[in-house]
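Biologist: I would like to learn how to read a model like this one, feature by feature. Could you take me through it?

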There are 2 protein chains.
Amino acid sequence: MDAPRWLDAREDRAWRGYRRMRRLLDLELARELTQATGLSEPDYDVLSEVSETPQGRLRLSELADQMRWSRSRLSHHLTRMQQRGLVTREECETDGRGSIVALTPAGRQAIDSAAPGHVAAVRRHLIDLLTPAEVDALGAFTHRVVDHLAGSDRRHSPQREPEV
Amino acid sequence: MDAPRWLDAREDRAWRGYRRMRRLLDLELARELTQATGLSEPDYDVLSEVSETPQGRLRLSELADQMRWSRSRLSHHLTRMQQRGLVTREECETDGRGSIVALTPAGRQAIDSAAPGHVAAVRRHLIDLLTPAEVDALGAFTHRVVDHLAGSDRRHSPQREPEV
DNA sequence: CCCAAATCGGTGACATGTCAACCAACCCGT
DNA sequence: ACGGGTTGGTTGACATGTCACCGATTTGGG
């Protein structure tokens, strides 16, 4: 950890800007979404993922992996969503341990009516403020960063180092 | 809310990439920071802000504004940091209501020893993966988005509409 | 076939963040 | 100097997320 390379002015500007944007954008999108629909962003994300499957049904483990959520978090959150009538849990026939989330009609209705407004907010506060070139750059480098993290993640996941 | 303009393929790629990056990057940076130093990211941010003042002392309201934290959140968090001996609270002489956060020696030591590693992690997982042009683009559009949000925020803050 | 190990999901304790309510001190027009 | 309105900060109740652990089931090697 010797002679750290600090961030230069442009890097610092980018990093601070990123952090600040992340915080403010999150707050605003969550605020608008909740006010308009009563859904939180996690609610929205869950409903969105489940509604994109043909059946409106999804295995918990798959959902957790897609969202990069811990199983514990998903389980807690689904319990709350279930109490509000947005989803139900069903048994998995092919695996006795498994569970399946399914949208209720109310859940389907909630995501359908929330989506247009949410997309509009994303446009208004982010996408439409970027030039096409910036949109492409954002798509490019975020995926690069994610791939890199997924690579180093593997080192931390419950896998053994190759034996000697 | 009629005829929503959905995100096209590139916009969708950028938006999904951003969300995924945000989540994974947060997790990884927090994980490394906590493992190396025992500090959480919020801890780090608070210590970082306070340590950048000449005295290592800062008015609570100023700190809250700079960090875009609610006063409540800040108060709760400082209470926890205080219990761990990282900061202390002092009275403000010029304003009887006010409080001041001050770094303890332990707090100073914590941020000093945490900073190099944290910056290195930010480089390794983000900055060094971007081209210089991408760094500049990130700096540019994040600030644009923040300014836009700050502008619309004003409409929601506790201010009156101009009276008739 | 059998048993150890891994996987799936759930639970309880705890850390963190939000929201609304509150008190004390300040401000300021009268 | 008074008193209403505002501000600074704290608090408690509650929502959310994390962590460690558990019980049930599946899997895979001998």
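Predicted model: local features only at pLDDT ≥ 70, side-chain atom pairs only at ≥ 80, totals over all residues.

Biologist: Through which surface do the copies meet?

Modeller: Compare the lists of interface residues. Of the interface residues of chain A, 100% are also interface residues in chain B, so the copies meet through the same surface.

Biologist: And how do I describe the way the copies are placed?

Modeller: The general idea is that two copies of a chain are related by a rotation about an axis and a shift along it. Here, chain A is superposed on chain B by a rotation of 180 degrees with 0.0 Å of shift along its axis, and the RMSD is 0.0 Å. The two copies are thus related as by a two-fold rotation axis.

Biologist: Now the DNA. Which residues come nearest to DNA strand C?

Modeller: There are 23 residues around DNA strand C, and those that come nearest are A:Ser61, A:Ser72, A:Ser75, B:Ser72 and B:Gly96. The elements that give two or more residues to this surface are α3 (60-67) and α4 (71-83) of chain A, together with α4 (71-83) of chain B. The surface near DNA strand C divides into two nonpolar, 13 polar and eight charged residues.

Biologist: What surrounds DNA strand D?

Modeller: DNA strand D is surrounded by 23 residues, with A:Ser72, A:Gly96, B:Ser61, B:Ser72 and B:Ser75 the closest. At least two residues of the surface near DNA strand D come from each of α4 of chain A and α3 (60-67) and α4 of chain B. In classes, the residues near DNA strand D are two nonpolar, 13 polar and eight charged.

Biologist: Let's move to the sheets. How should I read one?

Modeller: Strands of a sheet pair through backbone hydrogen bonds, either parallel or antiparallel. In chain A, three strands form an open sheet in the order β1-β3-β2, with antiparallel pairing. The edge strands of chain A are β1 (57-59) and β2 (87-91), each pairing on one side only. Ignoring direction, neighbouring strands of this sheet are turned by 30 degrees against each other on average.

Biologist: How many bridges join β2(A) to β3 of chain A?

Modeller: Five bridges link β2(A) with β3 (residues 99-103) of chain A, and the two strands run antiparallel. To find one of these pairings in the viewer, look for A:Glu90, whose bridge partner in β3(A) is A:Ile100.

Biologist: And the sheet of chain B?

Modeller: Chain B also has three strands in an open sheet, in the order β1-β3-β2, and the pairing is antiparallel. Strands β1 and β2 of chain B stand at the edges with a single partner strand each, so one side of each is left without a neighbour in the sheet. From one strand to the next, the twist averages 30 degrees. Three bridges join β1 (residues 57-59) to β3 (residues 99-103) of chain B, with B:Leu58 partnered by B:Val101 in β3(B). Between β2 (residues 87-91) of chain B and β3(B) there are five bridges, and B:Glu90 stands opposite B:Ile100.

Biologist: Which helices lie across the strands of chain B?

Modeller: Helix α2(B) lies across β1 and β3 of chain B, at about 95 degrees to β3(B). Helix α4(B) lies across β2 and β3 of chain B, at about 115 degrees to β2(B). In chain A, α4(A) lies across β2 and β3, running at about 115 degrees to β2(A).

Biologist: At what angle do α2 and α5 of chain B cross?

Modeller: Take the axes of α2 (residues 41-51) and α5 (residues 105-125) of chain B: they come within 10 Å and cross at roughly 110 degrees. The helices α2(B) and α5(B) are therefore roughly perpendicular to each other. Residues making the contact include B:Tyr44 and B:Leu47 of α2(B), and B:Ile111 and B:His118 of α5(B). By class, this contact of α2(B) with α5(B) has five nonpolar, four polar and one charged residues.

Definitions and conventions: Residues numbered from 1 in each chain as written. Chains lettered and ligands numbered in written order. Near = placed C-beta within 6 Å. Helix = DSSP H or I, 4+ residues; strand = E, 2+ residues; numbered from the N terminus. Nonpolar A, V, L, I, M, F, W, Y, C, P; charged D, E, K, R; others polar. Least-squares fit on C-alpha atoms with pLDDT ≥ 70 in both. Contact = placed C-beta atoms within 7 Å. Axes fitted to C-alpha atoms, helices over the stretch in contact; angles between N-to-C directions. Parallel < 35°, antiparallel > 145°, perpendicular 65-115°, else oblique. Pairing = 2+ DSSP bridges.
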